Protein chains: 2
Amino acid sequence: MKDARILLTHGSGGESTRDLIRQLFLPGYGNSQLNLLTDGAVLTNVTAQQVFTSDSYVVNPPFFPGGDIGALAVIGTCNDLAVMGAVPRWLSLSFILEESLPIERLEKIVQSIQRTAAEAGITIVTGDTKVVERGKADRLFINTAGIGELHIPQALTPARIQAGDAILVSNDIGRHGIAVLASREGINLEVDLLSDMALLHPLIQALLNQGIDLHCARDLTRGGLGGALLELADQCGQDFRLQETRVPVSETVQAACELLGFDPLFIANEGCCALFLPEAQVADALAILREFSAGRWSAQIGTVLGNGTVKSAAVKNGGVFLENAYGVERLLAWHTVDQLPRIC
Amino acid sequence: MKDARILLTHGSGGESTRDLIRQLFLPGYGNSQLNLLTDGAVLTNVTAQQVFTSDSYVVNPPFFPGGDIGALAVIGTCNDLAVMGAVPRWLSLSFILEESLPIERLEKIVQSIQRTAAEAGITIVTGDTKVVERGKADRLFINTAGIGELHIPQALTPARIQAGDAILVSNDIGRHGIAVLASREGINLEVDLLSDMALLHPLIQALLNQGIDLHCARDLTRGGLGGALLELADQCGQDFRLQETRVPVSETVQAACELLGFDPLFIANEGCCALFLPEAQVADALAILREFSAGRWSAQIGTVLGNGTVKSAAVKNGGVFLENAYGVERLLAWHTVDQLPRIC
């Protein structure tokens, strides 16, 4: 298959589809369930309450510094489960392929999927393959759904955020968005800037297992930290104070943002989450997080103020105050959310 | 939103994404779980073993005689669960939208999704929205994953097919593929030919509930009846005899196939399945099926011969003999599977 390319017949449901599945997908990430090639997978040994999530991946370019669309699809889906407090278990993985895609590229992505799924401890149990004509998609899109298990009595949700909670971020922000953007636009940053792609459930499970009373977690993908906090404040009806100087940003990301005119607060991440927990447990939580490379730069970045402190026509429910280096506060607004397309 | 079109910012994760979700998706098919807008949905009241499936939909055109991509996505996913013996319960629904898609069209599709999901008794609990630049997708693609529940001790699988089993088809074949193709190519068939789109779990559950010892079921989508039987014969290692004259095909589909040079055996269906059950229960099963409009033309079309009757280098595992009107038998081969792209 080395010099071969994807043809429309690979999506026909006939012999070519079978060949692609048997020669590429099953050797890549097959297992006893996927190998059955039935219309669905029976989930066995269900031992806890389940969480269900779904995502599409259209990142451009599909290979970027620090990762590719395959690893991203696995990590992104696992992280959506992780921030609900769940442990990822089962994954569906489907492709929409553009006719003429080199099969060698697809093979690299399949290998990357396999490696990442193994690291995550998730099993790919079902999938689907479609092919569209050249020019009707952009190389490949990946669709996933994930099922995870809750080993805590209830899922982490915005409704559990309380006045007085500390707001933490699990690592420094902005690396994924800037890495993808620089790669796409051919911008030479003169430093090695890689996506921050990382699995979050090991960190979150470690917090839970070591007695941290975690109230809520949210991964900082599209919209970045700023977008996530705006959404959470709105969902829980509480106001937040975010202290800009405490937000960890690497010098590289800071420099790139200044060069390109972006605010790191609104740049997408793929290995970073916001965490809400009692102020009294902050030191313990940071000590746990910093044992992980994906938690090395974790920090407290703000506080939950409570309900009704924000007086503004622009804020229906909860709002976010951003306090800058000079102690000046301004209200964070949705229209400041960055609009970089196809970052995941 | 009437004259509005999809913009890249609708996929940014910011205010426009929120607007699209709150003004279009939630009013369309929102519910207490989806409305939470968390990263995943907690599945509640799990009472039985679960089946998990996933699909992508790229049908061209997205609106076709008898349906659209929205209804198709719900029905196709429910049917994948149905043929495993499961009752559909939870659905994830994600969009990949092309910039410039008229929002009015998306609204029609959302309505169609809502109607079909309500009919199926499935709840849309999670989803995702991505937007790609104009020319990087073809209007819209839909990705789904479904979770269903098994109310029988084990799922229907090819391994349960036995020598002597009758092979039934649940309705006349070929309507979906021909309807989509005619619509796409602007072929005027001078008759009303609609897709056969229909939910299969009501039929399959009726069979199971009324004591039919169903061994296996398979929906006849890409590759049609011929492709499905070839795959099943290979998976179960049994040989099948398929009697061509007993396969129900409407006059319209027959005429269209003759005109266009297609074999109805290999045309995709979206409301039709093959069923394997004991010969002694055929009359009972047909009586049950024919109470449904999607089972009106159900018929026995063949028999499972057993293992090792096919002697051919082309057949590794089980094979399919096709017996024609003159009693002549030929071996069905994979390369005869139709290659119509983007039929689902």
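**View 1. The side chain of B:Thr53 comes to 2.5 Å from the backbone oxygen of A:Asp39.** This is a polar contact, a pair of N or O atoms within 3.5 Å; within protein, one must be able to donate a hydrogen and the other to accept it, and residues adjacent in sequence count only if both atoms are side-chain atoms. The model is predicted: local features need pLDDT of at least 70 and side-chain atom pairs pLDDT 80 or more, while totals for chains, interfaces and linings use all residues. Residues are numbered from 1 along each chain as its sequence is written, chains are lettered from A and ligands numbered from 1 in the order in which they are written, and side-chain values use heavy atoms, with hydrogens and water left out. B:Thr53 belongs to strand β2 (residues 49-57) of chain B; helices (H or I, at least four residues) and strands (E, at least two) are DSSP runs, numbered from the N terminus. B:Thr53 has 1% relative accessibility and therefore counts as buried, a term for under 20% relative accessible area, with exposed over 50% and partly exposed in between (1.4 Å probe, protein chains only). Leaving aside residues up to four places away in sequence, B:Thr53 touches residues including A:Gly40, A:Thr126, B:Asp80 and B:Thr144, where contact means heavy atoms within 4.5 Å.

**View 2. Chain A and chain B each bring 72 residues to their contact.** The two chains bury about 5800 Å² between them, 54% of it on carbon and sulfur atoms; buried area is the accessible area (1.4 Å probe) that two parts lose on being put together, summed over both. On the chain A side, A:Asp39, A:Phe52 and A:Arg222 lose the most area to chain B, together 15% of what that side buries. The interface holds 12 salt bridges, each a side-chain nitrogen of Lys or Arg within 4 Å of a carboxyl oxygen of Asp or Glu. In a salt bridge between A:Arg18 and B:Asp234, the closest N and O atoms are 3.7 Å apart.

**View 3. A network of salt bridges links A:Asp55, A:Arg222, B:Asp128 and B:Lys130.** Within it, the side chains of B:Asp128 and B:Lys130 meet at 2.7 Å, N to O. B:Asp128 and B:Lys130 are both buried.

**View 4. Salt bridges also form within chain A, one of them between A:Asp172 and A:Arg175.** The closest N and O atoms of that pair are 2.9 Å apart, and both residues are buried. A:Arg241 and A:Glu323 form another, with 3.6 Å between the closest N and O atoms. Because A:Arg241 lies in strand β10 (residues 239-243) and A:Glu323 in strand β13 (residues 320-323), the pair ties together parts 82 residues apart in sequence. A:Arg241, at 26% relative accessibility, counts as partly exposed.

**View 5. Helix α7 (residues 251-260) of chain A has A:Val253, A:Ala256 and A:Cys257 buried.** Seen down the axis of α7(A), the buried residues fall within an arc of 100°, so they line one face of the helix; the arc is that of the directions from the helix axis to the C-beta atoms. Their cover includes α4 (175-185) of chain A. On the other side of α7(A), A:Glu251, A:Glu258 and A:Leu259 are exposed. A:Gly261, with a positive phi near 80°, follows α7(A).
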